[in-house]
Amino acid sequence: MFAHLDPVVLSRIQFAFIIAFHILFPSFTIGLASWLAVLQWRWLKTGNNVYGDVYHMWVKIFAVTFGMGVVSGVVMSFQFGTNWAGFSDKAGNILGPLLGYEVLTAFFLEASFLGVMLFGLNRVGRKTYFASNIIVAAGTLISAFWILAANSWMQTPAGFRIGRNGLLFPVDWKKIIFNPSFPYRFPHMVTAAYLTTAFVVGGTGAWYLLKNRHVSQARIMFGMAMIMAVLVAPLQLLFGDAHGRNTFRYQPEKVAAMEGLWKSERGAPSILFGWPDQKEEVTKYAIEIPKLSSLILTHDPNGLVRGLKEWPKGERPPVPVVFFAFRVMVALGVLMILTGLTALVLFLKKRLFDTKWFLRWCVAMSPAGFLAVLAGWCVTETGRQPWVIEGILRTSDAVSPVMGFSVALSFCAFVLTYAVVFGAGTYFILKLIRKGPAQVETYGSHGLAQPPLFTDPASKKD
Amino acid sequence: MSLLPLVWYCLLITALFLYVFLDGFDLGVGILFPFAPSEESRDVMMNSIAPFWDGNETWLVLSGGGLLAAFPLAYAILMPAFYMPVILMLLGLIFRGVAFEFRFKAVRSRRVWDYAFHFGSLLAAFMQGMILGSYVTGVQVVGRSFAGRPFDWVSAYSVMTGMALVFGYALLGSTWLVMKTEEPTQAWARKCASYVLAYVALFLVIVSISVPLMNSAIRHLWFTSPHFYYLLPLPLATAVLVAAIWGKLHRGSQTSPFFMAVGIFLFAYIGWGISLWPWLVPFAVTFPQAAAAPSSQAFLLAGTVFVLPLILAYVAYCYYVFRGKTSREGYY
C-alpha cells in the first residue's frame, strides 16, 4: 500500500518544510547578534543602563531563538545524506568542503562563545564578555558566508569538471566559492536578516510605546529599528535589483517565471498582477507596465527578455509558485522602504515616537522580514527546479535510495515535533516580549541574581 | 596508498570520539535527569552542562559534515542505510536541545521540558547505540548506494548495543556530576555511577565476546597469535579502569572517575576501530575507496590544520571559564 509513495516528492516536501523552518531562526539571530553587540557597545560607551536593560531583554530572546536554530540546523546537516544521497555522492567533492568549513570556522565559534555570552557575565571580565558577543555575531556572518557560497554554487555552478560516474570534481576553489551569483546572494541575505531583526525589534518597541510601557527602553528599540528601515531597506532594493540582473544572466528561465513571461520579447512589459497558466502557457488577467521588465533587466527599454517557451516543458520551474512568491517578496520590500520613508518624515516633524497610526503600522510589520525571507528563498529554490544543481543534476536524480513510506513517516514526525517545539519556542519569545525589559533586576540569559561585573565599580579601575 | 585519506580517516575518528565523550556526558546527565533527588539537583545538573551542550553537539555536525567532505561515498551510503535511526536521533536531539532554554523560561510546563530533556537524551543515545550495533554487523551495498531494507538496523544485537551506549553515557554523565556538583547531588551521582558501572562492565564483556563471534575476520584478528598478544593490553587496561573507577568512587575521589570513564570509552573505541579497519562502510567500502577527490580533501585539510588547534584552544578556554563546581543560583 506504500508503493505509490514517491520518495522524490516526499523528500522535497520534507526538505522544504525543514529548511523553511530553519531559515527563520538564522534570519533573526544574524541580525540580533550584531544588534546585541551594538547595544553592548553603546552601553559600555555611554554607561547608560537603559541600553543594558534592552540588552538583557533581547539576549534572552536570542538564546531561545538560537537554541531552536541549532537544533533545526543539526537536522539540516543530516538531510543531505538521509534524503539526498545522490546529491551527496555526486557533489560531495565540492559541497562537502564548503559545509566542512562552515562547521570549522563558524559553528564551533558560535557554540563555544554563546556559552560565555549567555552564562559568563559574572565569570569573565567586561571586555571578554563584550568580545564573546562580537565573536558570536561574527560567527553568524561567517556561517552565512559558507552556506550561501554552497547554495549559490548550486544556482550558478563554476570551477568544476564532470568526471567518471557523473561525479563532480573541483578545479578552481576560488571560482567555486566566489561563483557568479554568490557576490549578490550573500549581501542580499545578510541585509534581509538585518531587516528581519529590525522589524521585529521595531514592532516590539512600537507596541510598548502604544501601551506606554518601558518608554525609555522602547524608544531605543524603535529608534534603532527605524534607523535600519531608513538606511538598509532602500539598500536592499539595490542589492535585490543587482541580484535579479545576475539571475537574468545566469538563470534566465527563473527570471521568466518570476516575471510570468512566456514569449521572448523585446521591450517586455512588467506584469504587476496576473495568473500564470502553465497549461495554456500564458499569464491571464495581466496588469502590465509596458517595457518595464526590459528596462529593469537589461537597462534598455527595448532589450530582449527570453520567455519560458524557449525551454522545453521538462526544464521549466513551477511558474505560479515562483511568480507569486516573487510578488510577495517585492511587495514586502516596498512596504519596508515606505515604512523607513515615513519614519524619516515623522522624525523630521519630531513626531516619530508618538504617532499612533504609525506605531500600529510598525507592530503589524513585525513579521514582514520573516515572510519576505521565506518568499525570497521560495523564488530562488523553486525557480531552480527541476535542477538541484542548475543544468547539471536533476532533483529527481539526487534522491536517496529510501522508501517513500520511510520519508512519509519521518515527515509526519518532523511536522509534529516542529509544531510542538517551535510552537512552544514562539510562545516563550512572545512571553518574554510581553514581560518586557526588567530594570536591573536580573542579568543574562537566565537572569543573574547579583549585579554583573559591568556595574561593579571595582572593575572600572583598569 | 596516498596519505590524504588516511589523515582524514584519523581526523574523522578523532572528531567522532570527541563527540562521543563530550556529548556523551551531557546526554548522560539527561538520561539520569528524572532520577535526581530534588528539583534543586536538577537545576544544578542542567546548569553544569548548559554552557557546553551546544559546542559538544557541534562535534557531531563536524563528524557528519567531515564525512560528507572527506568520504562522500560513505556518507551517501550510510545516511540512507540508517535513515530511521538518524531521524529518530535528530528528533531526540531537538527535544533535549530546546529543553535547556525552555525549562528555565517555563513556569507551568516545566515538568514537560524536564521529560523532553530526559526522553530526548535517552532516544538520541539509544539510537546512536543501535546505529553502532548495526554498523558493526555490516551494511548492504550495490554499486554506489545502500541496497538494504528500511528496518535492517533493527536486531536484537543493535538493541543490546543501544542499551550499552545508554549505560555508557550514563556513566560519563554521573561521573561528570561527581566532578561538577556538591552534596547532596554529588552523593547521589556517586551512587548512580557505581550502579551504572556494573552494567557498563557487563555490556563490555558481551560486546567483546559477541563481535568476534559474529565476524570471522574480526575473530581471526583478535584471537590468533601474535595479534592476540599485541591486543591483549586493550581489554586488560579496560578491566583495570573499571576496577579503578569503582575504587575511586568509593574512596571519595571527585575528578578521576570522570577521566577514567573517558578512558574506558577510549579503549573500547580503539578496539572497535581496530576491528573494523579499514572499512568505512562495513564490509563493503574501505576508507580509501570512499575518499573524496584529492583536491577536495587537500582544500579542507589546509584550513583544518590551522582552525582545529584554534577550536581546541577556545573550547578548552570555555571549559576553563566554567571550571569548578556548578552553583544553583548562578544562572537563573
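In which loop of chain A is A:Leu167 found? The residue lies in the loop that runs between strand E1 (160-162) and strand E2 (168-170) of chain A, where helices (H or I, at least four residues) and strands (E, at least two) are DSSP runs numbered from the N terminus. The model is predicted, and local features need pLDDT of at least 70, side-chain atom pairs count only at pLDDT 80 or more, and totals for chains, interfaces and linings use all residues. Residues are numbered from 1 along each chain as its sequence is written, while chains are lettered from A and ligands numbered from 1 in the order in which they are written.

A:Leu167 is partly exposed, as 19 other C-beta atoms lie within 10 Å; a residue counts as buried with 20 or more other C-beta atoms within 10 Å of its own, as exposed with 12 or fewer, and as partly exposed in between, the C-beta atoms being placed from the backbone. Apart from neighbours within four places in sequence, A:Leu167 is in contact with A:Lys90 and A:Asn93, a contact being two residues whose C-beta atoms, placed from the backbone, lie within 7 Å. The C-alpha atom of A:Leu167 is separated by 45 Å from that of A:Val59, which is 108 residues away along the chain.

Chain A contains 13 helices and eight strands. Along the principal axes, the C-alpha atoms of chain A fill a box of roughly 70 × 50 × 45 Å. Of the 462 residues in chain A, 53% are buried.

Helix H1 (residues 7-46) of chain A has 40 residues, and its end C-alpha atoms are 58 Å apart, in agreement with the 58 Å that it should span at 1.5 Å a residue; the expected span is 1.5 Å times one less than the number of residues. After H1(A) comes A:Gly47, with a positive phi near 70 degrees. Strand E4 (residues 270-277) and strand E5 (residues 282-289) of chain A pair in the antiparallel sense over six bridges, pairing being assigned if DSSP finds at least two bridges between two strands. A:Ser270 stands opposite A:Ile289 in E5(A). The two strands, E4(A) and E5(A), form a hairpin with four residues between them, and A:Glu281 in the turn has a positive phi of about 55 degrees.

Chain B comprises 14 helices and four strands. Its radius of gyration, 20 Å, is close to the 20 Å given by the globule rule for 332 residues, so chain B is as compact as a globular protein of that length. The C-alpha trace of chain B spans about 55 × 40 × 40 Å along its principal axes, and buried residues account for 54% of the chain.

Between the chains, 58 residues of chain B are in contact with 57 residues of chain A. On the side of chain B that touches chain A, the largest share, 16 residues, comes from H5(B). Leaving aside neighbours within four places in sequence, B:Leu90 is in contact with A:Val74, A:Val75 and A:Phe78.

Note on methods:
The radius of gyration is taken over C-alpha atoms; the globule rule is 2.2 Å times the number of residues to the power 0.38.
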